[in-house]
2 protein chains.
Amino acid sequence: MKTLILMAHPHVDNSYTQQFLARAAQIENVTWHSLDSSMPFDVAAERNLFLDHDRIIFQFPLYWYSAPASLKEWEDLVLADQFDTMNFNEKQLGLVISTGQPSDAYERGGTEHFGMGEITTPFQAVALKLGMTFLPPLIISQFAYQTDEEKAQLLIKYQRYLTQEPLNNLQVKITWLISRLNQLELDEATKQRVQLIMTELQNGTERLSDLQDTLALIKREGEIDG
Amino acid sequence: MKTLILMAHPHVDNSYTQQFLARAAQIENVTWHSLDSSMPFDVAAERNLFLDHDRIIFQFPLYWYSAPASLKEWEDLVLADQFDTMNFNEKQLGLVISTGQPSDAYERGGTEHFGMGEITTPFQAVALKLGMTFLPPLIISQFAYQTDEEKAQLLIKYQRYLTQEPLNNLQVKITWLISRLNQLELDEATKQRVQLIMTELQNGTERLSDLQDTLALIKREGEIDG
């Protein structure tokens, strides 16, 4: 699976969030593409990039409850002429949105009045229109106030958002984490501890799998009885 | 009351809808301002225009469930630096949105999946953020298929949307219509018929006013008894 990050930010040099994400995105099969520095758009080149990737990420700071103008310009120009009526049902659309407000500001009754789900409706509608699978948005709240540990967790969450397939599946998440742990270069003592953690994770995954089988069996029996 | 129409359309010469609305908007105290032909924006001039008007209209064809990029660019640049934290509680924000789909496409369960209220959430959030009163959007569906009579009704509805204050009040609506009828230049026979209609409208308004007084009285008595 190949992932394309369409990053919209008019002042990326001032954005610690985007610089952090840019470093985190330096992994295999992930393409980082800055929209503001690609304007005016070469529409044919943009379409080729889009076609060449499976998971498309709209990534941006929330400006006036939407993306910066550059991303809208990209949508208006690239998703036009025939392209807007094509069906991309093997592609996925994800959103990575950074905000300067705490996460509870974007809930009904929060200080911003509307939930993030309502605010991002236009993007979900774009995904539906194009036949794409819409991924639950990854919201990054107040990056500047995050501790080092929170940033480390964000890094993992972000890399999973870019590369884990399918995205929301606990067993796949554990397999993803184990493969990441295997890639680490560690000293012998740490290696042994990590090995223990991986064994535990693997055992947990197997127990989980057994439980799911049992659950499925019970449900089937319930249906036969019912 | 002064009204500013911020019209966003990248190809206005091809838009019969916007040309029709431009003619309809040639009335007193209404300023028509094309955003696409004002780019790159003179931010200070745009802010002065905004400050100088009471009712601001974002007017555009629906592109990807939002406004064309030029309006977003206007928001990103004009509503920035201090301006984004000011309170404009004496101003109103309205939306005039044209769509190529029938109106029932933009309802939950409709072919576009989401309601126009959900789709326009980001604009309502902008109004709330700036302390402005958000007006119920005026949606123009499939203008090209409208009959002459439907277009005549749209013209009245649009002019009311631009100038009637307050917007959603039946008595004010009738007063608005009577003042419009008075401005018409008519032959003697038509004048007499229009005069009759106006008298009926005025009588109706007075009866409505009486009924509202009675209703208020009943409610007050109910509260005293309860």
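Modeller: Angles under 35 degrees count as roughly parallel, over 145 as roughly antiparallel, 65 to 115 as roughly perpendicular and the rest as oblique. The model is predicted, so local features need pLDDT of at least 70 and side-chain atom pairs pLDDT 80 or more, while totals for chains, interfaces and linings use all residues. Residues are numbered from 1 along each chain as written, chains are lettered from A and ligands numbered from 1 in written order, and side-chain values use heavy atoms, without hydrogens or water.

H1(B) brings B:Phe20, B:Leu21 and B:Ala24 to the contact (heavy atoms within 4.5 Å). From H6(B) come B:Lys151, B:Leu154, B:Leu155, B:Tyr158 and B:Gln159. By class, this contact has 6 nonpolar, 1 polar and 1 charged residues (Ala, Val, Leu, Ile, Met, Phe, Trp, Tyr, Cys and Pro are nonpolar, Asp, Glu, Lys and Arg charged, the others, Gly among them, polar).

In chain A, helix H6 (residues 148-163) packs with helix H7 (residues 170-183), the axes coming within 12 Å and crossing at roughly 110°. That angle makes H6(A) roughly perpendicular to H7(A). The crossing of H6(A) and H7(A) is right-handed. H6(A) contributes A:Ile156, A:Gln159, A:Arg160 and A:Thr163, and H7(A) contributes A:Lys173, A:Trp176, A:Leu177 and A:Arg180. These residues divide into 3 nonpolar, 2 polar and 3 charged.

In chain B, the loop between H6 and helix H7 (170-183) holds B:Pro166. The peptide bond from B:Glu165 to B:Pro166 is cis, with omega near -5°. The bond from B:Met39 to B:Pro40 is also cis, with omega near -5°, and B:Pro40 is found in the loop between strand S2 (30-34) and helix H2 (43-51) of chain B.

Between the chains, 27 residues of chain B and 27 residues of chain A make the contact. The area buried there (accessible area, 1.4 Å probe, that two parts lose on being put together, summed over both) is about 2,400 Å², and carbon and sulfur atoms give 70% of it. On the side of chain B, B:Trp64, B:Lys72 and B:Phe114 lose the most area to chain A, together 31% of what that side buries.

The interface also has 2 salt bridges (a side-chain nitrogen of Lys or Arg within 4 Å of a carboxyl oxygen of Asp or Glu). A:Lys129 forms a salt bridge with B:Glu112, with the closest N and O atoms 2.8 Å apart. Over all chains the count comes to 12 salt bridges.

Terms used. Axes fitted to C-alpha atoms, helices over the stretch in contact; angles between N-to-C directions. Helix = DSSP H or I, 4+ residues; strand = E, 2+ residues; numbered from the N terminus. Left-handed = near helix turned anticlockwise from the far one by under 90°.
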